[in-house]
Each structure stands twice: as C-alpha cells, then as structure tokens.
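I set out to record, entry by entry, what I looked up in this protein.

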Amino acid sequence: MRIAVDAMGGDYAPGVVVEGAVQAVKKTPYEIILVGDKTHLTGEMKNYRSSSLPLSIYHCSEVIGMDESPAIACRQKKDSSIMVATRLVKEGMADAMVSAGNSGAVLASALMVLGRLPKVDRPAIAALIPTLKGVVALLDVGANVNSTAKGLLQFAVMGNIYMKTIMNKESPRIGLLSTGAEETKGNEVTVEAHRLLRQSGLNFVGNVEGKDIVKGKADVIVCDGFVGNILLKFSEGIAEEFISLFRDEILKYPFRKIALILLRGAFKDIKKRVDYTEYGGAPLLGVDGCSIICHGSSNAKAISNAIRVAGEFVEKRINQQIKESL
C-alpha cells in the first residue's frame, strides 16, 4: 500500500512530517510518498538512514498556506503539495493521502479531484474525542458550516461504519447533539434529524447534550461542522489547560511533589488519553478516496499515527461499506 503524505503542510513542516513518515515506515508495511519540494525533503531525509526504507519523494513546486482561501488556492496552485497528493490518489499512484496543511484546502482538493461517493450529499470530518468510557467520534467538525437533516443522517451512517470497523464497536450508539434530551428540543433541522435517525435502524440513543459527551453516552455524535469545530477546539483547550493546571498545583508546594511521584503513572495515563496525537488524523468521510486531515500543529507522532489510520481506512474498505449502506 502506498500513502501520499503532504510533506509541506503543517506548522512544523517539512521536518516533523519527514520524521513522522520515517517512524511510520518502521512500524507499518506501507510505502510512503513524500510530496513536496525535492531539495527541502532531500535535505531533511539526510537526518535519517532512509536509503533502505520504502520512502520516496514526489516533487511539487507550490505550497498552500494556512491563511489562503482554500478554493482559490486549489484552483490557482495546481502543483501544490495538497493538490498533487490528492491527485496521486485519484490516479491510483497512492491509496490514501495525509495532510497537516490547510484543512479547508484538503477538503476542497478532495471535492475537486476525488469527488463524493454515490448518494453522499456532503462529506464530513470525523474526529475522535476522549471520554470517560473511551472515545467518541464527533462529526462533522469543520467540513460543513450548515447541515440538513438528511445530511446529519448520512453523517451518522458513516460514523457508525467508522466506529464499528476501526474502533471495533459492535453496535455503536448514535447520538444527536442538541440543546436538550427531549426529541422536540433544538432547531427545525435537529428535530427532523431526530425523526430520521429514530427510523434509520441505527442504534440511536436520542439527543445528547454537551454535558453528556465526556460521560460517554454515545459512541458517535453528529452535528453541523460549525458547532462541531468549536466543540473540538474547546475540548482540546480544556484538556491542555487541565493538565497544565494539575501540574502547577502539584508543584506549588514541596510536599505535594511526593504525591506527584506516587501518581506519576496515573498522570501519564491520563495525559495519554487526552493527547490528540494518539489518535492521528481525522478522516474525511464521504469522498471517493481516503483523505486524512491532521492538526496543523501535529508532531511526528501525530503524523505517524495518521499514516497508520490511513492504512487501516483502506485495508478495512471503509468507503465500500459506506457505498453499500447509503
């Protein structure tokens, strides 16, 4: 299997992307194609004994910046690392693509080059969020500002397949993010989506309020991308600040350091559970190909895990299952 990696995308590219790719090829059977400026990438690869590794470079001359308009940039920069990596998937030269670059451009390139799967109205970005009972797949987290009731139903179907196949949940519990548990709560779209989900045959557990997310009430939660993106970034911020606050309070008084030593193992486990790098990237569900979107500040570990996720996505035929379910 060949995975194209946008080596120029992300806050710390190309250094950490190359490092993550090297880590991935040592742990997986995948061949990785680093897409980007050949001169820069050749220089980075000299830091590793990569000559015997299944790593290759596919040169491109342009990069889409984080602050550029996604649609305009994709049209104007045909030789950008994001567009070229996506095109490699379309042309069968790669089985999947991974990028920590401009997420809007990754979405735009996927729609322009790969297109949507049959019967999918709009694709959705699915992110894994830690809960007290494991993780929950939240979608959409940014592909669509607004969604229809039918779109939310499709998100639920795709999220159900992803959690069942990738996370081995036998019968994922589907929740609809709303302002109250009653089926009449929410706006018109949410109320109609509740009706469709109740009749869908999925394991629908009803509306889920914000406070229920971390309790693990559902395995899949659907919402529009505007709300989902805010919720995702809020949860990331809370996790980071909680870890920082806990550490600061422990270190404030000398005698508390003894407790830190005793709790070091538990503290390490908690930090691992809320660390987004453990989960790799977020798949763009509903496009006719595999596109994995990483956090812009991804480190090498996150890139490596995103490559692993891309491989699992293809190996377990997620798109074929979505086609058969819609």
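**Entry 1. Helix α4.** I looked up α4 and found that Ser81, Ile82, Met83, Val84, Ala85, Thr86, Leu88 and Val89 are buried. Here buried means under 20% relative accessible area, exposed means over 50%, and partly exposed lies in between (1.4 Å probe, protein chains only). Helices (H or I, at least four residues) and strands (E, at least two) are DSSP runs, numbered from the N terminus. The helix is mostly covered, since eight of its 10 residues are buried.

Before going on, I noted the basis of these values. The model is predicted, so local features need pLDDT of at least 70 and side-chain atom pairs count only at pLDDT 80 or more, while totals for chains, interfaces and linings use all residues. Residues are numbered from 1 along each chain as its sequence is written, and side-chain values use heavy atoms, with hydrogens and water left out.

I then asked what covers the buried residues of α4. The cover includes the strands β1 (2-6), β2 (31-36), β3 (55-59) and β4 (96-99), together with the helices α3 (70-76) and α5 (103-114). Just after α4, glycine 92 takes a positive phi of about 80°.

**Entry 2. Arginine 87.** I turned to arginine 87, which is placed in helix α4 (residues 81-90). Is arginine 87 buried, partly exposed or exposed? Arginine 87 counts as partly exposed because its relative accessibility is 26%. Leaving aside neighbours within four places in sequence, arginine 87 is in contact (heavy atoms within 4.5 Å) with Lys78 and Val113. I also noted that arginine 87 and alanine 4 are 83 residues apart in sequence, yet their C-alpha atoms are 9.7 Å apart in space.

**Entry 3. Lysine 38.** I found lysine 38 in helix α2 (residues 38-45). Not counting residues up to four places away in sequence, lysine 38 touches Ile57 and His59.

**Entry 4. Two domains.** I recorded domain 1 (2-120 + 286-325) and domain 2 (127-234); such bounds come from an automatic or database domain assignment. Taken over C-alpha atoms, the centres of domain 1 and domain 2 are separated by 27 Å. At the interface, 12 residues of domain 1 are in contact with nine residues of domain 2.

The area buried between domain 1 and domain 2 is about 930 Å², and carbon and sulfur atoms give 71% of it. Buried area is the accessible area (1.4 Å probe) that two parts lose on being put together, summed over both. In domain 1, Lys316, Ile318 and Ile322 lose the most area to domain 2, together 37% of what that side buries.

I looked next at which helices supply the side of domain 1 that touches domain 2. Both α12 (300-315) and α13 (318-325) supply at least two residues each, and α13 gives the most, with four residues.

**Entry 5. Asparagine 319.** I located asparagine 319 in helix α13. Asparagine 319 is buried, as its relative accessible area is 12%. Its side chain reaches the backbone oxygen of glycine 289 at 3.0 Å. Apart from neighbours within four places in sequence, asparagine 319 is in contact with Leu117, Val287, Asp288, Gly289, Cys290 and Phe313.

**Entry 6. Salt bridges.** Side chains of opposite charge can pair when their charged atoms come close. A salt bridge is a side-chain nitrogen of Lys or Arg within 4 Å of a carboxyl oxygen of Asp or Glu. How many salt bridges does this rule give? The count comes to eight, but across the interface of domain 1 and domain 2 the rule finds zero.

Glutamate 68 forms a salt bridge with lysine 77, the closest N and O atoms being 2.8 Å apart; glutamate 68 is partly exposed, at 25% relative accessibility.

Aspartate 121 forms a salt bridge with lysine 150, with the closest N and O atoms 3.7 Å apart. Aspartate 121 lies in the loop between α5 and β5 (124-131) and lysine 150 in helix α6 (residues 149-166), so the pair ties together parts that are 29 residues apart in sequence.

Glutamate 183 and arginine 198 meet through their side chains in a salt bridge (3.5 Å, N to O). Glutamate 183 is in the loop between β7 (174-177) and α7 (188-198), and arginine 198 is in helix α7, 15 residues apart.

Definitions and conventions:
A polar contact is a pair of N or O atoms within 3.5 Å; within protein, one must be able to donate a hydrogen and the other to accept it, and residues adjacent in sequence count only if both atoms are side-chain atoms.
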